[in-house]
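This report goes through a few places in one protein structure. Look at the sequence and the structure first, then read on.

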Amino acid sequence: MHILLTNDDGIAAPGIQALWQELASIAEITVVAPDSERSAMSQAITVHHPIRVDKSSIAGANVQAWRVGGTPTDCVKIALEALLDKKPDIVVSGINNGPNMGTDVLYSGTVSAAIEGALHGIPAIAVSLACWHAADYVPAARFAAKAVQELLTRSLPPNTLLNINVPDLPQDKITGVEITKLGVIEYENTFERRMDPRGRTYYWMGGSQVDIENEDGTDVAALKNGKISVTPIHFDLTNYGIMHSLEEWNLKI
């Protein structure tokens, strides 16, 4: 089995290190990850300047590795189309420092890297740990390994990936695993107006998450209850339910 590992926190991030350490015992590992943090890049690709790619080494690891001066999506695209001799069996993105739940998946570089794998017809998993500080990634890495083995013995529909969020708890405190749907995450954004040394105005975005009650069955609720959430995501954004009613609009030319 050959696994392509990537992330949006950068090739030196502890989350991706925990992943290759756990997965190296069950698969051949290739790491193709950004050279620095590229969080919240969504599905962005680099088209207006060159993408620098350097062969890298990871201390204590017998894995192939490249650091890429681009986005998480760039990493998967260039791995599949330029760096690897053949497609990997699975793409795993993470372990992200911080959760990727609900509507946040639309902004997530971690999830977008997995989406790119699925776009190429490769089974894909995104893994995130619900923690913003130094943390123990081992429980998340162990669960990711289980999910990888399950995914390769089963199958997902086309254009579908698994988005996994793990609570920041010791292994024995995690209360279970729940198959979930996406919840809702909202922020109270603020834009601080500042002036640069040349007198030009710029804005710095900040803000905090709004506490919204999410119903049972969502990834947000599962994590709040100490469970690992596993959410199947597909990227056909069509709202099929209103297509018929749109046909009745006066949209003829």
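## Tryptophan 249 and its patch

Tryptophan 249 lies in the segment after helix H6 (243-246); helices are DSSP runs of H or I with at least four residues, strands are runs of E with at least two, and both are numbered from the N terminus. Together with Ile242, Leu246 and Leu251, Trp249 forms a nonpolar surface patch with about 400 Å² of accessible area.

The model is predicted, so local features need pLDDT of at least 70 and side-chain atom pairs pLDDT 80 or more, while totals for chains, interfaces and linings use all residues. Residues are numbered from 1 along each chain as its sequence is written, and side-chain values use heavy atoms, without hydrogens and water.

## Threonine 71

Threonine 71 sits in the loop between strand E4 (64-68) and helix H2 (72-83). Threonine 71 counts as buried because its relative accessibility is 4% (buried means under 20% relative accessible area, with a 1.4 Å probe and protein chains only).

A polar atom of the threonine 71 side chain lies 2.7 Å from the backbone oxygen of alanine 44. Beyond neighbours within four places in sequence, threonine 71 is in contact (heavy atoms within 4.5 Å) with residues including Pro34, Arg38 and Met41.

## Helix H3

Ten of the eleven residues of helix H3 (residues 109-119) are buried. The buried residues pack against H2 and strands E1 (2-6), E5 (90-97), E6 (124-130), E7 (160-167) and E11 (227-234).

At the start of H3, a side-chain oxygen of serine 108 comes within 3.1 Å of the backbone nitrogen of threonine 110. Glycine 121, which follows H3, has a positive phi near 80 degrees.

Methods. Patches are made of residues with over 30% relative accessible area and no salt bridge: like charges are joined within 9 Å, nonpolar side chains (Val, Leu, Ile, Met, Phe, Trp, Tyr) within 5 Å. Accessible areas come from the Shrake-Rupley method with a 1.4 Å probe; for residues, only the protein chains shown count as cover. A salt bridge is a side-chain nitrogen of Lys or Arg within 4 Å of a carboxyl oxygen of Asp or Glu. Buried means under 20% relative accessible area, exposed over 50%, partly exposed in between (1.4 Å probe, protein chains only). A polar contact is a pair of N or O atoms within 3.5 Å; within protein, one must be able to donate a hydrogen and the other to accept it, and residues adjacent in sequence count only if both atoms are side-chain atoms.
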